[in-house]
Each structure stands twice: as structure tokens, then as C-alpha cells.
Amino acid sequence: MKNVHESAHPLVKHKLTRLRDKNTKPKKFRELVRELGALLTYEATMDLLTKPVKIETPMAQIDGEDLEENIGLVPILRAGLGMVEGVWGLMPSAEVWHIGLYRDERTLKPVAYYNRLPIAPTVSVCLILDPMLATGGSAVATVDILKKWGVEKIKFVGLIAAPEGIARLHQSHPDVAIHIAAIDDHLNVDGFIIPGLGDAGDRQFGT
Ligand code: PRP
């Protein structure tokens, strides 16, 4: 599917396997979420624009390149929070805009509870960070919010996805590139990704 990128990187596969393991404790789980967030973002940002800039090395003047666009990191609370630090380490000048959504356990629909975006957009590219793309409802709602805010270039960076979530996000927003460590088998009747990794929020925060 165009615009859907499942990582083939051995480091991603290794760390994702450790992440899925039910014996992985919250401290290690958080470390893996942070590292995977950075690795996937490295792959997701291959097409960021740069602008020429002249600098001097200790030896000579050269034409270098600086990032051209203002980048916004948009973690979906809570679970997306754990991906921020690793990604921010790669792009320290990025802005972080939190979106609070939780999934109603009965209807599986996203419920919005936090959004402090200013009226005018302050960034031109947004990376949505959330470890899980299950039904896709939370991701679609977040893209809706960001497009309404005025951002046109949006990417979703996640760790695992169900085919149902990929299809829903792709159908609703085909322009949004989806970067994911792995696409799993299916969603169960409770809306959990199978084989998945359990609940990424609970496993990070020990709840
Ligand atoms: C999880 C996950 C996504 C959402 C995915 O969050 O982190 O945000 O569910 O499901 P969807 O694709 O079906 O919308 P959850 O609602 O468990 O909240 P939490 O991050 O606070 O634990």
C-alpha cells in the first residue's frame, strides 16, 4: 500500500521482539519505546527539506544544509509520550504539541480530553507519535485536528498496527505516510492488536 512503510531494519525487529515479550518490565519497556521511536523517525524523516547554509569548519568554509521546516512532534496521550524523548533527541528544535485522547473501552471510539493548540499553526510538518494503531480511530481523529489547525504535511510514526487501523487511516487520509515497526495479524473483539504487545500505556506507566 502506497504511503505505508513497515520497517525492515534488524535493530527495529530486535527491539520490537524485546518490547512484545510479556516478561519485559516497565523500565526496559520505556527504554525500548524511546529507542524504537528514534529509529522509526530516522526512517520517516528521509524526505524532510533542507536549506543551504554556509559554515566554517576549523579548516575551510563549506556549503552545509540546515533543516528548513518547523517540525512539530504530536504525541497522543498517554502512550505516545514515551516516544517523545528519543525523537526529540534527533530534532531538539522541534515543538511538542500534546493531544489527549483515550479510547472508550465499550465503543472503541476515541474521546478527546486535551488539546491546547494555539489558533494559528506554528509548525509546517507534524509527526504523530503513538505506539499503537488499532482501529485507527485515535490516529484519524488526531490527523483531523492537525489538518483543521492548518498543517498539511503529517506523518504517523507508530510501533505496531493492526491491518484494520492501517486501512482506516489510509482510507481517511491517504496523504499521511504511516511508518510502523510491524503490521500484526488482526484486532480481537476487544480491539486489542494480536499478537501485539498488550497495552502500551499500561506497560510503560506500570498501571
Ligand atoms: C491506545 C493507543 C492509541 C489507541 C489506539 O491508547 O495508545 O492511542 O489506544 O487505538 P485505536 O487505533 O483503536 O484508536 P488508550 O486509549 O489505551 O489510552 P492510553 O494511551 O492513555 O493508555
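## The largest pocket

The largest pocket is lined by 15 nonpolar, eight polar and seven charged residues. Here Ala, Val, Leu, Ile, Met, Phe, Trp, Tyr, Cys and Pro count as nonpolar, Asp, Glu, Lys and Arg as charged, and the others, Gly among them, as polar. The model is predicted: local features need pLDDT of at least 70, side-chain atom pairs count only at pLDDT 80 or more, and totals for chains, interfaces and linings use all residues. Residues are numbered from 1 along each chain as its sequence is written, and side-chain values use heavy atoms, with hydrogens and water left out.

The largest pocket holds about 690 Å³ of space. Its lining counts 30 residues, and Tyr102, Arg103, Met132, Ser138 and Asp199 are the closest to its centre. Strand 4 (71-77), strand 6 (99-103), strand 9 (132-133), helix 4 (137-149) and helix 6 (200-205) each give two or more residues to this lining. A pocket is an open set of points on a 1 Å grid over the protein atoms alone, where a 1.4 Å probe fits, with protein on both sides within 12 Å along at least five of seven lines; lining residues have an atom within 4 Å of a point. Points are joined across faces, edges and corners, and the volume is the space filled by probe spheres set on them. Helices (H or I, at least four residues) and strands (E, at least two) are DSSP runs, numbered from the N terminus.

## Around the ligand

The ligand is surrounded by 15 residues. Arg103, Asp130, Thr135, Gly136 and Ser138 are the closest.

A polar side-chain atom of Arg78 lies 2.9 Å from one. A backbone N or O atom of Ala79 lies 3.0 Å from a ligand oxygen. For a polar backbone atom of Gly136, the distance is 2.8 Å.

## Arg78 and other salt bridges

Arg78 also forms a salt bridge with Asp202, with the closest N and O atoms 3.1 Å apart. This pair links distant parts of the chain, 124 residues apart: Arg78 sits in the loop between strand 4 and helix 3 (81-90), Asp202 in helix 6. Arg78 is partly exposed at 35% relative accessibility, and Asp202 is partly exposed at 30%. Buried means under 20% relative accessible area, exposed over 50%, partly exposed in between (1.4 Å probe, protein chains only).

The model has nine salt bridges, each a side-chain nitrogen of Lys or Arg within 4 Å of a carboxyl oxygen of Asp or Glu. Glu31 pairs with Lys28 at 3.0 Å. Both lie in helix 2 (residues 26-44), three residues apart, about one turn of the helix. Asp63 and Lys54 meet at 2.7 Å, N to O, and both are exposed.

## A buried glutamate

Glu69 is buried, with a relative accessible area of 16%. It lies in the loop between strand 3 (61-67) and strand 4. Its side chain makes a polar contact of 2.5 Å with the side chain of Lys153. The Glu69 side chain also reaches the backbone nitrogen of Leu49 at 3.5 Å. A polar contact is a pair of N or O atoms within 3.5 Å; within protein, one must be able to donate a hydrogen and the other to accept it, and residues adjacent in sequence count only if both atoms are side-chain atoms.

Most residues other than glycine have a negative phi, and most peptide bonds are trans. The bond from Leu77 to Arg78 is cis, with omega near -5°. Another cis bond joins Ile194 and Pro195, with omega about 0°. Pro195 is in the loop between strand 13 (193-194) and helix 6.

Asn3 has a positive phi, near 75°, in the segment before strand 1 (4-6). Leu108 has a positive phi near 65°, in the loop between strand 6 and strand 7 (110-115).

Terms used
A residue is near a molecule or strand if one of its heavy atoms lies within 4 Å of it.
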